[in-house]
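Dear colleague,

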2 protein chains.
Amino acid sequence: MQPFQRDHFFNPSSPYAPALAVRRAYQEAKDVIARAIGAKADELVMTAGATESINLAFGSIDGHVVTSAIEHHAVLRAAEQHGNSTIVPVGKKGVVSVEAIAAAITPATTLVSVALANNELGTVQPLSKLAEIIRKERQRRRDNNDLTPIYLHSDASQGVGQLDVNVARLGVDLLTLNAGKIYGPKQVGLLWAHSGVRLRAQVFGGGQERGLRSGTENVAGVVGFSVALERAVNGRKAEAERLRKLRDNLQEQLTSAYSNVIISGDQKRRLPGHLHVSFPGLDAERLIFLLEMENVLLATGSACAANKGTRSHVLTAIGMSDEGADGSLRISLGHLSDEVTVRQGGEAIIRAVAKERERMGR
Amino acid sequence: MQPFQRDHFFNPSSPYAPALAVRRAYQEAKDVIARAIGAKADELVMTAGATESINLAFGSIDGHVVTSAIEHHAVLRAAEQHGNSTIVPVGKKGVVSVEAIAAAITPATTLVSVALANNELGTVQPLSKLAEIIRKERQRRRDNNDLTPIYLHSDASQGVGQLDVNVARLGVDLLTLNAGKIYGPKQVGLLWAHSGVRLRAQVFGGGQERGLRSGTENVAGVVGFSVALERAVNGRKAEAERLRKLRDNLQEQLTSAYSNVIISGDQKRRLPGHLHVSFPGLDAERLIFLLEMENVLLATGSACAANKGTRSHVLTAIGMSDEGADGSLRISLGHLSDEVTVRQGGEAIIRAVAKERERMGR
């Protein structure tokens, strides 16, 4: 990114050669990004992150929207803003029910939006089955000469680098990605939409991004995103396998030490690097504080929600008790995690839990 | 910016101490930015650039909008999108007429938007006089128990570092700034609004920026913006004086060489580092190409418009002939300009013009 923040700072729309070189670098970065998800560069709209992408997707849609109760706030708030939406409840395992989504689809439904992986529980959602439902509904409409479109959107920000994010294999019509979740820069993201989807600009001006999202392009950011995404996609299989082992060991370590720990999220359908554990009766905020002193950095729920001190809507949606929710830790493993640090992290969690139980006389 | 792109990459909403340190750095950067324009940090909404800020301002407003014909595309397109707007024509000197704006204000007008300095001509607009008009209209409404608000918005992106951008002295109610115009990062900007203005969120999600603009904060970008803005504001007077001399010398150099060169934009009300020259009958695109080979980088109009090969709406608005517009160069001087390079640049322009005239037999 640094060359584009320093010497190659030109506005990619400027007419002289050094600016054209910057434009070329920007286009090449978009090509790399497109290739990584099996798409074409001119189907991408580069945005300031997943939240903007989600809002652009929802803002482009008229008609009825179906989504799930465990979506990220950006999806739930965009659906609320959209007005005409159905929020489908989710079972105890934190996996969206294909049947429930299918039942919520009406003849007026134009968008179904389900994240590839839940950001708190790490549960991987049955996107290809949802895509199948959408295809059937599309066929039904075609047979009835009904021209109402219906699209599947997925925010895959949470899954990149651990799951396949090829748009054709996912079966989605719109895809949201975020650079910040894969060691790329913050405030950089994209909305992919196949060429049949008519997006509607939300920001007006100089006409960048095919007129769909005006503003001088974030050259450095998009270049950074392209490198981060390429690495994440290329290294995915090995990294997923590595993280799965680390996570399984950690889960084993914690459940061996405390038999009443709750592991949430479908055990077979989880992000490999993700572990959601609850110690009912304990205060997760205090655990985080104790762990931090041992350089173990954990969150309770999603960062935005955690910051507001509100209880996670995801844990409420899967029917977890308040006591369980308040004692919940969301553990994300990643590039910085290895066998030694994860084992030490597990030991630190066990010590912190023991300390808190003692303090509370439990 | 680099520490926040590398080691201090934490989400500022995460609960652990290293993330809180990132949050503090973000808040401090906003404090620095606020101080630089005489505002409070909690009156700022950090955005992905001036275009988004302008769209946020316009999207927050119901009622009638008044703006000028020489505004940036972002303002004109946002006004168009807004629907209820009057575009006030501008005289030959490229300065917005206070009387024309006053005449366009109706009892339903809620927003007047005029850029501090025009991005093509460099002309500085009479913002404090416009503020006076708005104050009078506000008083008139108050006297009539009319609660319809009226605000003055200005995109000052083009003026920072050369003009005073203190919000109180400008007399504005809303101000747009952009980091990329002052050697800061691209896709970083802000909308300032005084606490009486009710902004309306355009992007929904995690509730960042007081719920007005969701999305994980651009920590590195905002830190970069704060440094760039502080430097621009602190160095303004000396830099403006330095640039004015360089620009005046360049203007003298060009007008001495070619008596029929047109210098556009009010001579007394221009950005000190800005020079707009036209060589009627010549093709500016060819001049730019010739100059580029001598490492002199110039644009024809605004980058976004130039890129689309359309004639500048600004030059059309001030009544310039097509021949003049097509032979126009927009010369911006800045940190990299000094006496030697500007004189050499002037010589290169003179040579390029001579070459083109010869080629065309003029």
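Please bear in mind throughout that this is a predicted model. I have grouped the findings by region.

**The sheet of chain A**

Chain A holds an open sheet of 7 strands, in the order β1-β7-β6-β5-β4-β2-β3 and with mixed pairing. Its edge strands are β1 (44-47) and β3 (85-88), each of which pairs on one side only, and the twist from one strand to the next averages 15°.

**Helix α3 of chain A**

Helix α3 (residues 50-59) of chain A lies across β1, β2, β5 (151-155), β6 (174-178) and β7 (189-193) of chain A, and runs at about 30° to β7(A). Because 9 of the 10 residues of α3(A) are buried, the helix is largely enclosed by the rest of the structure. Those buried residues are Ala50(A), Thr51(A), Glu52(A), Ser53(A), Ile54(A), Asn55(A), Leu56(A), Ala57(A) and Phe58(A), and they pack against β1, β2, α4 (73-82), β5, β6 and β7 of chain A.

β1(B) pairs with strand β7 (residues 189-193) of chain B in the antiparallel sense over 4 bridges, and Val45(B) stands opposite Leu191(B) of β7(B).

The largest nonpolar core has 172 residues, and the members that touch the most others are Trp192(A), Leu229(A), Trp192(B) and Leu229(B). Leaving aside neighbours within four places in sequence, Trp192(B) is in contact with Ile37(B), Ala39(B), Glu43(B), Leu44(B), Val167(B), Leu174(B) and Leu175(B).

**How the two chains meet**

The contact between the chains involves 46 residues of chain B and 46 residues of chain A. On the side of chain B that touches chain A, the elements that give two or more residues are α2 (17-36), α3 (50-59), α4 (73-82), α8 (219-234), α10 (284-292) and α11 (303-308) of chain B. By class, that side of chain B has 18 nonpolar, 22 polar and 6 charged residues.

Chain B is superposed on chain A by a rotation of 180° with 0.0 Å of shift along its axis, at an RMSD of 0.0 Å, and that is the relation of a two-fold axis. In chain B the C-alpha nearest the axis belongs to Ala48(B), at 3.2 Å from it. The same surface serves both copies, in that 100% of the contact residues of chain B recur in chain A.

**Individual residues to look at**

Most residues other than glycine have a negative phi. Asn145(A), however, has a positive phi of about 55° although it is not a glycine. Asn145(A) lies in the loop between α6 (127-143) and β5 of chain A, and with 6 C-beta neighbours inside 10 Å it counts as exposed. In the other chain, Asn145(B) likewise has a positive phi of about 55°, is found in the loop between α6 (127-143) and β5 (151-155) of chain B, and counts as exposed with 6 C-beta neighbours inside 10 Å.

Finally, Arg35(A) is found in helix α2 (residues 17-36) of chain A and is partly exposed, with 15 other C-beta atoms within 10 Å. The C-alpha atoms of Arg35(A) and Leu199(A) are separated by 21 Å, the two residues being 164 residues apart along the chain.

With kind regards

Definitions and conventions:
Residues numbered from 1 in each chain as written. Chains lettered and ligands numbered in written order. Predicted model: local features only at pLDDT ≥ 70, side-chain atom pairs only at ≥ 80, totals over all residues. Pairing = 2+ DSSP bridges. Axes fitted to C-alpha atoms, helices over the stretch in contact; angles between N-to-C directions. Contact = placed C-beta atoms within 7 Å. Buried ≥ 20, exposed ≤ 12 C-beta atoms within 10 Å, placed from the backbone. Nonpolar A, V, L, I, M, F, W, Y, C, P; charged D, E, K, R; others polar. Least-squares fit on C-alpha atoms with pLDDT ≥ 70 in both. Core = buried A, V, L, I, M, F, W, Y, C linked by C-beta atoms within 7 Å.
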